[in-house]
Structure formats: structure tokens, C-alpha cells
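The sequence and the structure are shown first.

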Amino acid sequence: MRTHVRCGTLFSAGDREARPGQTMVYDESGVLEFVGPADRAPRAIPGEPVLDYSRQFVMPGLIDIHVHLAYGNAKSEEDIDLYSPLEFRALRGLFFAQKLLAAGYTALCSPGDAGQVSLSIRNAIRAGLFEGPRITAAGPYITARQSLTDWYPTWIGAPSTSIGRLVTNRDEAIEEIRVQAKNGVDCVKIALDGIQRRPDGSLIAAFTEEETGAMVREIQRLGRKAVVHAIGREAVLYAARAGVDLIFHAFELDDECIDAVLKGGSAIAPTFTFQRNIIEFTQSHEPAAVNGRVGHVQRQYERAVRNLARAREAGVPMMAGTDSGFAVTPYGEWHARELEIFVNDLGFTPAEALCVATRTNARFLADGERIGSLEPGRIADFIALDGSPLEDIAILLDKSRIHAVHVGGRRMALPARDYNPREVTDAAMTNWSDVYTQARVAELGRDKPLRRAAE
């Protein structure tokens with residue numbers, strides 16, 4: 001039995017135009033058989049469902065290429081690594097994956113999580129146990145002493161529940177890659193730099209160029225995609241020369257890096273949403289403001305926009321991801337902001353941004369050849385919107401505009417359940433964010449006499 005979909009306006013992502021008066025027809029397995037003008041569509045026979053979205057803007061389901069399902073809207077690195085068991089992180093991550101689906105995101109990549117959290121969520125959804133978006137999953141980051149995730153003092157070491165797997169030599173890195181491939185990951189992420197800088201301010205690549213090349217070759221030899229976290233010039237250059245599939249961030253790339261990226265065929269996903277939200281949402285009393293992180297991120301953002309606009313002009317393919325999973329990028333809230341930034345700061349047209357978040361992003365995913373655009377032979381993952389994002393890309397942030405979400409042709413009807421962050425995220429035993437010396441209390445204007453305990 002076929003399903004017929006009447007579309008007010010259809011943006012297929014097969015090109016950069018939206019067309020009125022279109023119809024889609026898909027079979028029982030959710031595979032599209034026809035996409036085109038209504039007057040050329042096969043007629044519905046008695047008993048075949050007809051979905052009337054003739055007042056809506058219909059387009060492929062959106063894709064976020066950078067969502068950490070295990071993070072739980074974390075406020076600190078310790079929240080990510082320590083305070084929740086892996087089993088709870090998996091259950092929590094499934095709940096949050098459904099938040100993305102309700103926001104119009106029918107697929108995502110979870111590039112680096114603790115244990116097999118993202119793999120388990122992916123497998124449960126694929127098996128039909130739960131409704132959720134399509135997930136391309138990684139295991140823990142491959143990390144070194146100068147990488148992300150080795151945050152803790154050496155006398156504590158790297159916890160086994162961390163999102164990173166600390167390796168101390170090339171053989172350990174190759175072995176970890178092989179273990180992850182055996183476990184069934186779709187991609188392997190290398191933390192190619194972190195926060196360690198040289199005296200001149202340049203970020204230090206966590207692995208040498210030769211080590212990077214060896215890891216990437218092994219990842220790709222095993223049929224997986226290679227992705228890296230790389231902000232600094234050195235790490236971006238090593239990643240590009242190794243021919244990685246996707247570079248996250250790349251904020252400090254230069255012309256030599258751009259040439260290497262073009263030669264190696266890598267794509268870049270900036271994840272500007274995380275940066276902008278840090279700048280705009282952090283309150284003045286929070287540690288990120290007090291310790292100067294907001295100012296640093298503001299300067300970094302401005303450089304990154306200039307650098308990545310130049311990379312785009314040179315022909316480097318861009319993908320859209322948000323780095324969701326932190327307190328400033330909570331699940332289901334800000335995913336479409338990346339597209340708004342692409343339009344406002346990188347010079348994309350709304351149609352180009354929509355193509356990035358659908359057809360282009362799909363190329364990276366494990367089943368990407370079957371999704372990302374609405375064409376015969378592809379799967380009917382689509383959303384129906386009240387309003388056109390081609391006229392105002394920001395309407396994608398308004399969840400009240402999402403009229404319907406379909407995955408494999410089936411309409412998703414998820415309850416709009418709220419949650420208490422203090423029960424699902426705030427597990428750390430943090431009681432204060434300041435040190436209340438007499439001078440600090442006076443500075444805060446709290447210098448009234450202390451109350452006696454008996455009062």
C-alpha cells in the first residue's frame with residue numbers, strides 16, 4: 001500500500017528551489033516512488049492513505065552532524081565523565097534523542113561518547129524498540145596528553161567512564177580503533193588538539209603528523225569514517241594531510257590548511273552555535289565569565305568566521321553541527337541556529353543552508369545515500385512546517401511551526417515531556433560558585449550582621 005503526500009510547497013534538497021503543488025508517493029517500506037507535480041502523480045486507489053500538507057512547507061528531515069548524546073546538558077567536564085553511570089547516560093541519551101526528533105531533526109551524528117552509549121541508543125532505535133532519529137555513532141575519543149578529555153590531574157588519571165580513551169603510543173591507538181570497529185561504530189573520532197598551547201599561543205597538536213596519518217589510515221581501512229576535533233592550525237593541517245572525512249571546528253586554519261583540506265577532500269563542520277551561545281548566554285557570575293572564557297570565545301569566534309568564510313569561498317565543503325549536549329546547547333533547542341549563523345555570518349543563502357543541513361550532512365552519515373533529499377529511491381524522512389524557512393531561516397527554531405515529522409514515512413507522535421535538570425544532569429555535589437571571604441561578602445553588599453543559629 002502506498003502513501004500519498006500533498007505538499008503546499010516542496011523543497012526536495014535535490015536542487016535549491018522550492019516548488020508549489022507537489023506530491024510525494026512512498027511504499028510500505030517508506031521508500032519514495034514518486035516526487036513531482038500533483039497532476040503527474042499516481043492516483044490514490046481506495047484504501048491508500050493521503051496526507052494533506054497542502055498548507056505546509058515540506059522538506060527533508062534536518063540533520064545535526066555534531067550531537068553528544070551522552071553529555072546530558074552538562075555544566076562541567078566532570079558532569080560529562082564522572083557523575084552518572086553509563087547505563088543511565090544511555091537511557092537519558094535516548095530521551096534527549098527524541099527531543100531532537102521533535103525539533104525536526106530526523107538524523108544526527110554522535111561523534112564521541114563514553115563507552116557504547118551512542119551505539120546502544122542507535123541500536124535500540126534501529127531495532128524498533130523506541131522511536132527516534134537515525135544515529136551515526138562513535139565510541140570514545142582517541143585522546144593523548146595534549147588532547148581533549150585528559151582533563152584530570154595525573155595523580156587521578158583517566159577515568160574509565162570518560163568520553164575519551166587515553167592512548168600513550170601508536171600501537172595503543174591502533175588497538176583502540178580496532179576495538180571500536182569491532183564494537184560496530186560508524187565513525188572514530190580523534191581529539192587532535194585540546195587546550196594546551198605553546199608560549200606563542202599556538203595550540204599544540206596532540207599527535208604527530210605521522211601518528212595522525214597512521215590512525216586515519218586504519219580507521220578508513222576498517223570501513224569507518226575518520227573525524228577529528230581540531231581547532232588549531234597544526235591539528236587542522238595534520239588532519240587535512242591525512243585525508244580525514246570530517247574536521248570539527250578548524251577555527252584557526254590558514255591558507256596552507258585550506259589548500260591541504262581541498263587536496264585531501266575533507267569537509268569542515270564549524271559548530272558555531274556552541275560558541276555563540278557561550279558568548280550570549282553566559283551570565284556574569286558564572287565561572288566561564290569570571291575566568292575570561294567568554295572574551296576568549298568572542299575573539300575566537302570573530303577569527304573563525306573570517307577564516308571559514310575564506311575556506312568556503314575556496315570551495316571547502318561545509319557541514320552543519322551544533323556541539324549539542326552542554327548546558328548552553330541543550331538538546332532539542334538550538335540546532336537550527338547553526339543554519340541561521342551560516343546565513344548571517346558566512347554568507348549562505350537560506351536554500352544553501354537547508355541543503356547543508358540535509359543533503360550535504362547526509363553524505364557523512366552511515367546510511368546517507370538513502371536520506372537527505374526527497375527523490376525516488378530515497379527514504380521518506382521529511383518534515384512539514386507552518387511557514388517557509390527560505391523566507392526566514394529562523395522559523396526552524398520555533399518548534400510550534402513544526403506541523404509533522406516523518407521517519408521512513410511514519411509520522412512520529414512523541415509526547416512533549418518536560419524534565420527536571422537537577423535530576424537528570426546536576427549530579428555533581430556543587431553547593432557554591434564563590435568563596436565567601438569577608439571582603440567578598442562586603443563586595444556583594446551582604447555585610448549585614450550574621451544571624452545567630454538560635455534565631
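The model is predicted.

## Helix 11 and its cover

Helix 11 spans residues 337-346 and is mostly covered, with seven of its ten residues buried. The buried residues are Arg337, Glu338, Leu339, Ile341, Phe342, Val343 and Leu346.

Glycine 347 follows helix 11 and has a positive phi, near 85°.

## Salt bridges

Side chains of opposite charge can pair when their charged atoms come close. The model has 29 salt bridges by the rule applied here. One of them joins arginine 233 and glutamate 256, whose closest N and O atoms are 2.3 Å apart. This pair links distant parts of the chain, since arginine 233 is in helix 6 (residues 233-242) and glutamate 256 is in helix 7, 23 residues apart. Arginine 233 is partly exposed at a relative accessible area of 32%, and glutamate 256 is partly exposed at 38%. Both residues belong to a network of salt bridges that links Glu209, Arg233, Arg241, Asp254 and Glu256.

Glutamate 280 takes part in two of the salt bridges described here. With arginine 276, the closest N and O atoms are 2.8 Å apart. Arginine 276 and glutamate 280 are about one helical turn from each other because they are four residues apart in helix 8. Glutamate 280 itself is partly exposed, with a relative accessible area of 40%.

The other partner is arginine 337, with 2.7 Å between the closest N and O atoms of the pair. This bridge links distant parts of the chain: arginine 337 is in helix 11 and glutamate 280 in helix 8, 57 residues apart. Arginine 337 has a relative accessibility of 9%, so it counts as buried.

## Aromatic contacts

A pair of aromatic rings is described by the distance of the centres and the angle of the planes. The count of aromatic pairs comes to 13. Tyrosine 26 and phenylalanine 382 form a tilted pair, at 6.3 Å centre to centre and 55° between the planes. Tyrosine 26 is in strand 2 (residues 18-26) and phenylalanine 382 in strand 14 (residues 382-385), so the contact ties together parts that are 356 residues apart in sequence. Tyrosine 26 is buried at a relative accessible area of 3%, and phenylalanine 382 is buried at 0%.

Phenylalanine 251 and phenylalanine 272 form a stacked pair, because their planes are at 5° with the ring centres 6.0 Å apart. Phenylalanine 251 lies in the loop between strand 12 (246-249) and helix 7 (255-264), whereas phenylalanine 272 lies in helix 8 (residues 272-281), so the pair ties together parts that are 21 residues apart in sequence. Both of these phenylalanines are buried.

One aromatic cluster is formed by Phe95, Phe96, Tyr331 and Tyr419. A charge-ring contact is also present: the charged end of arginine 312 sits over the ring of phenylalanine 348, 3.8 Å from its centre.

Most residues other than glycine have a negative phi. Asparagine 73 has a positive phi of about 60° although it is not a glycine. Asparagine 73 is placed in the loop between strand 5 (62-64) and helix 1 (77-81), and it is buried with a relative accessible area of 6%.

Threonine 271 also has a positive phi, near 55°. This residue is in the loop between strand 13 (267-269) and helix 8. Threonine 271 is buried, with a relative accessible area of 0%.

## Nonpolar surface patch

Trp432, Tyr436 and Leu444 make a nonpolar surface patch of about 380 Å². Leucine 444 lies in the segment after helix 14 (438-443). Leucine 444 is partly exposed, with a relative accessible area of 36%.

Conventions: Residues are numbered from 1 along each chain as its sequence is written. This is a predicted model: local features need pLDDT of at least 70, side-chain atom pairs count only at pLDDT 80 or more; totals for chains, interfaces and linings use all residues. Side-chain values use heavy atoms; hydrogens and water are left out. Patches are made of residues with over 30% relative accessible area and no salt bridge: like charges are joined within 9 Å, nonpolar side chains (Val, Leu, Ile, Met, Phe, Trp, Tyr) within 5 Å. Accessible areas come from the Shrake-Rupley method with a 1.4 Å probe; for residues, only the protein chains shown count as cover. A salt bridge is a side-chain nitrogen of Lys or Arg within 4 Å of a carboxyl oxygen of Asp or Glu. Helices (H or I, at least four residues) and strands (E, at least two) are DSSP runs, numbered from the N terminus. Buried means under 20% relative accessible area, exposed over 50%, partly exposed in between (1.4 Å probe, protein chains only). Rings of Phe, Tyr and Trp (its six-membered ring) pair if their centres lie within 6.5 Å; planes under 30 degrees apart count as stacked, over 60 as edge-to-face and the rest as tilted. A charge sits over a ring if NZ of Lys or CZ of Arg is within 6 Å of the ring centre and within 35 degrees of the ring normal.
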